Structures are given as C-alpha cells and as structure tokens.
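Here is a briefing on a predicted model. Look at the structure first, then read on for its salt bridges, its pocket and its surface.

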Amino acid sequence: MAAQSQFEELARQLSAIGAVKREMGRVLPQECPPASAAVLTLLDRHGEMRMSQLAELLAIDMSVTSRHVAHVCERGWIERKPDPADKRSRLLRLTPRGTAMLQELSERYTAALARYLGDWSDDDVGLLNELLARLRTSFGDCRTRAHHDFTTRNDLSTRTPAG
C-alpha cells in the first residue's frame, strides 16, 4: 500500500484536476456547456432513455436534468418521443444534429489535449490513460457505492455488539 504522504499528494492533485476540467470546458462551443455535452455523450453511449435514467447517470436531481434536456432539445440535438411502453413517459434520443455536435466536441477536445500534452510522449499519454482507467475502476460506480456505504453505516450503527 502507498505511503500516507503519497495519498495526501494524490488528494491535492485530484483537487487540482478541477482547473483542468474548467479549461477543457472552455474549448466547448458557447452554446454547448459541459452539462449539455454530458447529456449528448450519455445518450450516444447508452442510446435512447427516459429522463429518470439520464438523471441517474448524471447523478443529479430530476429538475436539473430537465433544464439540461430543455437546453439540448431547443437546439435540436435531442428529441423527446413517447415511450411505447408507457405513453405518459418520454424517451430521449440523439438527433443527427446532436451527433454532429458530438463530433465537433470530440474534435475540439482532441485538439486541446494534443495542444496541452504536445510535449508528452505516446507512452506517457498511454500510461495516463491506463492509470485513469484504473482509478475509475477502483472507485467503481460511485452512485451505487454511496448508497451502499450509507446503508451499511446505518446498519452498523443500529446493531448491538455480539455477546
């Protein structure tokens, strides 16, 4: 296991990643803020879905998700259609304009990363990708884990010691 000082430095580095994320957000087109990009990316990755599933994947409240969906709908990047299984619900689906926007986002992100990491070797970029993937795997699905940890803590606090 790594030394405590290494974990402390890792905590500082992860905290500083916010600045990197903000800078990457600046490369997005003005009409497509990071939250809109996240909506488009999730619909592209997972296919059509209900708003409740999107809210869960975004790990945000339904009312906030609704505002993000309204923004991307107004721009014609996604469409809402009746859910055949439940006519009261709507399914969200990426449109061709949304796919085109995703392509633009990808090009902008890739160009920015190439610019910022231009002095990195291919091996260094590969290692960073590998380590970030490993970090994400170690954390797993944080939404599920947070719920499980909360439940476990509550269960443990109500148990009596074995006698």
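Glu 9 and Arg 12 form a salt bridge, with the closest N and O atoms 3.0 Å apart. A salt bridge here is a side-chain nitrogen of Lys or Arg within 4 Å of a carboxyl oxygen of Asp or Glu. The whole structure holds nine salt bridges.

The model is predicted: local features need pLDDT of at least 70, side-chain atom pairs count only at pLDDT 80 or more, and totals for chains, interfaces and linings use all residues. Residues are numbered from 1 along each chain as its sequence is written, and side-chain values use heavy atoms, with hydrogens and water left out.

**Salt bridge within a helix**

- Glu 9 and Arg 12 both lie in helix H1, three residues apart, about one turn of the helix.
- Helices (H or I, at least four residues) and strands (E, at least two) are DSSP runs, numbered from the N terminus.
- Glu 9 counts as partly exposed because its relative accessibility is 33%.
- The classes are buried (under 20% relative accessible area), exposed (over 50%) and partly exposed (in between), with a 1.4 Å probe and protein chains only.

**Salt bridges across the chain**

- Glu 48 pairs with Lys 81 in a salt bridge, the closest N and O atoms being 3.5 Å apart.
- This pair links distant parts of the chain: Glu 48 sits in the loop between H2 and strand E1 (49-50), and Lys 81 in strand E2 (residues 78-83).
- Glu 48 and Lys 81 are 33 residues apart in sequence, and their C-alpha atoms are 9.7 Å apart in space.
- Glu 48 is partly exposed because its relative accessibility is 36%.
- Lys 81 is partly exposed too, because its relative accessible area is 23%.
- Arg 50 and Asp 83 meet through their side chains in a salt bridge (2.8 Å, N to O).
- That pair also links distant parts of the chain, with Arg 50 in strand E1 and Asp 83 in strand E2, 33 residues apart.
- Arg 50 counts as partly exposed, at 31% relative accessibility, whereas Asp 83 counts as buried, at 6%.
- Salt bridges that share partners join Glu 48, Glu 79, Lys 81 and Arg 93 into one network.

**Largest pocket**

- The largest pocket has a volume of about 2,600 Å³.
- A pocket is an open set of points on a 1 Å grid over the protein atoms alone, where a 1.4 Å probe fits, with protein on both sides within 12 Å along at least five of seven lines.
- Its volume is the space filled by probe spheres set on the points.
- The lining has 45 residues, and Ile 17, Lys 21, Leu 132, Leu 135 and Arg 136 lie nearest the centre; lining residues have an atom within 4 Å of a point.
- Helices that each supply at least two lining residues include H1 (4-25), H5 (96-116) and H6 (122-139).
- H6 gives the most, with eleven residues.
- By class, the lining has 28 nonpolar, nine polar and eight charged residues.
- Ala, Val, Leu, Ile, Met, Phe, Trp, Tyr, Cys and Pro count as nonpolar, Asp, Glu, Lys and Arg as charged, and the others, Gly among them, as polar.

**Surface and backbone**

- Met 1, Phe 7, Leu 10, Leu 14, Ile 17 and Val 20 make a nonpolar surface patch of about 620 Å².
- Patch residues have over 30% relative accessible area and no salt bridge; nonpolar side chains (Val, Leu, Ile, Met, Phe, Trp, Tyr) are joined within 5 Å, like charges within 9 Å.
- Accessible areas come from the Shrake-Rupley method with a 1.4 Å probe; for residues, only the protein chains shown count as cover.
- Ile 17 lies in helix H1 and counts as partly exposed, at 38% relative accessibility.
- Ala 59 has a positive phi, near 60°, in a residue other than glycine.
- Ala 59 lies in the loop between H3 and helix H4 (62-74).
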